Amino acid sequence: MPSLPDAIAGLISALNQLPGIGPRSAERIALHLVQAESDLVKQLAESILRARERIRFCELCGALTEKSPCDICSDPRREASLVCLIERAVDLISIEKSGAFRGKYHVLGGKISPINGVEPEDLRISQLEKRLLQEPIQEIVIALGTDVEGDATSFYLAKRLARENLKITRIAHGLPAGTGLEFADEVTLSRALEGRTEMK
């Protein structure tokens, strides 16, 4: 079997580093791209570069945005007293698709995981504590996955953030165990948000 040219092999290797793209998918995409119209490939390359240059993190919540504060943080129709605490910026997209949440968000940037070298100070917890002093937040909804790190992080946050006149809840366990929010459908997320319980 003849080997692929170096340029195609390099493209396959680069595509294979993307999440969710295995070796076979990377090969199919690479072979499609090298045979596609030049304009299509240029448009794709320009879109990737433009998105990478324009997208940044919201200074308040940590969401992906082109302007800071983001549209959700600056929307007066959102419930300022309600903040949903999520692990990653992409989790916001999953919850927004459910249509069940009308508050604001705060992205932690990960979960506590001593095995992987992630300690509480590596997360955006102090930024949330600052928001608690500056915003009229009355309830924090913890929406982390149900794996070991998610559970440990949730209980740590419930204790650290506990204060008078602040309700701390966690979304109901309608999510598949051991997975993240991106694997849940809109109905499951909607029910999980509606069935959240207070953490004590």
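Author: Accessible areas here come from the Shrake-Rupley method with a 1.4 Å probe, and for residues only the protein chains shown count as cover. By that method the chain has an accessible surface of about 12,200 Å², and 54% of it belongs to carbon and sulfur atoms. This is a predicted model: local features need pLDDT of at least 70, side-chain atom pairs count only at pLDDT 80 or more, and totals for chains, interfaces and linings use all residues. Residues are numbered from 1 along each chain as its sequence is written, and side-chain values use heavy atoms, with hydrogens and water left out.

The chain has seven helices and seven strands. Helices (H or I, at least four residues) and strands (E, at least two) are DSSP runs, numbered from the N terminus.

Now the close look, at α6. Helix α6 covers residues 148-161, 14 residues in total. From first C-alpha to last it reaches 20 Å, close to the 20 Å expected at 1.5 Å a residue. That expected span is 1.5 Å times one less than the number of residues.

Its buried residues are Gly150, Thr153, Ser154, Leu157, Ala158 and Leu161. They cover an arc of only 135° around the axis, which puts them on the same side of α6. The arc is that of the directions from the helix axis to the C-beta atoms. An α-helix has 3.6 residues a turn, so residues three or four places apart point the same way.

On the other side of α6, Val148, Phe155 and Lys159 are exposed. Buried means under 20% relative accessible area, exposed over 50%, and partly exposed in between (1.4 Å probe, protein chains only).

What do the buried residues of α6 pack against? They pack against β3 (79-86), α5 (125-134), β5 (139-143) and β6 (167-170). Contact means heavy atoms within 4.5 Å.
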